[in-house]
Amino acid sequence: MALPMIRGCYRFPLTVSFSRLVLNERIILNRSGKTRLSPSSAAGVAVAVRPYSSDREGKKQTQKVVMVGIPNPFIWFRTRIYYFLIRAYFDKEFSIEEFTEGAKQAFSHVSRLLSQCQFDALDGLVAKDLIGKLEEKCNLLPLSHKKALSADPEEIMYTVPGDVGIYYDDNGRKFVSILMRFWYLTSARLPDETMEGTRIFQVAIGGEEEAETKRLLTAIYEFQREFTKGVPPEWIITRIEHSKLLD
């Protein structure tokens, strides 16, 4: 049954400038920590290279990429209103920071299960009607694409909440949904022609002889929870999209 939505619950890109600017960008990182980035990209996303380990002679150095998106202030304020409504009418202890951290863990775990085609293990984590659709799509993917579905927690570069919805059905049941967008790195080898038009760039870490190329992929997961009295307080994933992998 279709659920009516409260006024204002519609879809909008929370970081429009960020999404557009990383489109087909390629950033090469080397031992010196220098980056090559087009000037226009600096306005919407900051990319920092931080060395976090090295030997005494300074010959070995590991690079860490840090990405910072710039949200739309108006939409940022609007979502804070919804967070307030959730705390006021549904869950007094709700925290978007804690929710985001939990969503990242769920995203990493569920994406790994999808990559390994462990669909039975998704029961209770993903909506039942969605599991069947995901199984059909995943079974058609080549091994390289299945590998690219998996997001290691340390490779999740950026996470941002998107849509927030508050729903009521005809029987008075209450629902809250929060859409999360993730950017994560993968070392899976994916043909460039199949990834055209996705939010993706390549990162090469290390020296010229041992450079490792990774791609930045995006994924959208929507979490829903029923707040009807007597219903277990559990969030379930009702939507999963991986750009050009699982659309």
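A: Here is a short tour of this predicted model, going from confidence to fold, core and surface.

Q: Where is the confidence lowest, and where is it highest?
A: The protein chain averages a pLDDT of 74, and 63% of the residues score at least 70. Helix H1 (residues 16-21) has the lowest confidence, with a mean of 28, while helix H3 (residues 96-115) has the highest, at 97. Over residues 1-56 the pLDDT is below 50, although this stretch has 147 contacts in the model beyond near neighbours in sequence. Residues 197-202 also stay under 50, and there the model has 38 contacts beyond four places in sequence.

Q: How many helices and strands does the protein chain have?
A: Start by listing the elements, then read their order. In the protein chain there are 5 helices and 8 strands. From the N terminus, the order is α-β-β-β-α-α-α-α-β-β-β-β-β. Now turn to contacts between residues at least 6 apart in sequence: 66% of them join residues at least 24 apart.

Q: Which residues have the most contacts inside the largest nonpolar core?
A: To find a core, look for buried nonpolar residues joined through their side chains. Of the 247 residues in the protein chain, 45% are buried. The largest nonpolar core has 43 residues, and Leu114, Val126, Tyr221 and Ile240 have the most contacts inside it. Elements giving two or more residues to this core include H2, H3, helix H4 (128-139) and strand S7 (212-226). H3 gives the most, with 7 residues. A second, separate core has 6 residues, among them Met157, Tyr158, Trp183 and Leu185.

Q: Which residues form a nonpolar patch on the surface?
A: Nonpolar side chains can be looked for on the outside too. Here Trp76, Phe77 and Ile81 form such a patch, with about 320 Å² of accessible area together. Trp76 lies in helix H2 (residues 73-89).

Q: Why is Trp76 called partly exposed?
A: Compare its value with the cut-offs: buried is under 20% and exposed is over 50%. Trp76 is partly exposed because its relative accessible area is 41%.

Notes. Residues are numbered from 1 along each chain as its sequence is written. This is a predicted model: local features need pLDDT of at least 70, side-chain atom pairs count only at pLDDT 80 or more; totals for chains, interfaces and linings use all residues. Side-chain values use heavy atoms; hydrogens and water are left out. Patches are made of residues with over 30% relative accessible area and no salt bridge: like charges are joined within 9 Å, nonpolar side chains (Val, Leu, Ile, Met, Phe, Trp, Tyr) within 5 Å. Accessible areas come from the Shrake-Rupley method with a 1.4 Å probe; for residues, only the protein chains shown count as cover. A salt bridge is a side-chain nitrogen of Lys or Arg within 4 Å of a carboxyl oxygen of Asp or Glu. Helices (H or I, at least four residues) and strands (E, at least two) are DSSP runs, numbered from the N terminus. Buried means under 20% relative accessible area, exposed over 50%, partly exposed in between (1.4 Å probe, protein chains only). Contact means heavy atoms within 4.5 Å. pLDDT is the predictor's confidence in each residue, from 0 to 100. A nonpolar core is a set of buried Ala, Val, Leu, Ile, Met, Phe, Trp, Tyr and Cys residues joined through side-chain atoms within 4.5 Å.
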